[in-house]
Amino acid sequence: MYSEKVMAHFNAPQNVRFMLNPDGVGESGEPGCGDHCMIFIKVSEDVISDISFQIFGCCGAIASASMTTVLAKGKTLADALAITEQDVVDALDGLPEAKQHCSNIGVSALRAAIYDYEGKKGG
């Protein structure tokens, strides 16, 4: 049902931790399935220098949030904003059709964290 990459990110998610004093925080949730994700970012010279997340969710949501952080770390804010749900699905070697919506939770939280950062900086 799930690809090896999905299972790897589910069993050992990358960047999962609470971040103290983040520059931006974003939240996302899927009321229909109960998933909830928070992404924390640190920004240095317009680049995401550190990123972490906390999540309550299913296998697909956990793997998607983990992969979102992997894709975003080290990217400029503009490049990180350009990450799509399909980018996450592709990087995970696919998600079952019934779980494709899970890719949205990490991407939405990432965008919210960037917007939070930009709002604090007056951007």
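**Reading a hairpin and a nonpolar core**

Modeller: Ser 44 stands opposite Val 47 in β3, where a strand is a DSSP run of E with at least two residues, a helix is a run of H or I with at least four, and both are numbered from the N terminus. This is a predicted model, in which local features need pLDDT of at least 70 and side-chain atom pairs count only at pLDDT 80 or more, while totals for chains, interfaces and linings use all residues. Residues are numbered from 1 along each chain as its sequence is written, and side-chain values use heavy atoms, with hydrogens and water left out.

Colleague: How many bridges join β2 to β3?

Modeller: Two strands pair if DSSP finds at least two bridges between them; here β2 and β3 run antiparallel and are joined by nine bridges. They form a hairpin with two residues between them, and Glu 45 in the turn has a positive phi of about 50°.

Colleague: Which residues touch the most other members of the largest nonpolar core?

Modeller: A nonpolar core is a set of buried Ala, Val, Leu, Ile, Met, Phe, Trp, Tyr and Cys residues joined through side-chain atoms within 4.5 Å. In the largest one, which has 30 residues, they are Ile 39, Ile 41, Ile 48 and Leu 110. Helix α5 gives the most to this core, with seven residues.

Colleague: Why does Leu 110 count as buried?

Modeller: Buried means under 20% relative accessible area, exposed over 50%, and partly exposed in between (1.4 Å probe, protein chains only). Leu 110, which lies in helix α5, counts as buried because its relative accessibility is 1%.
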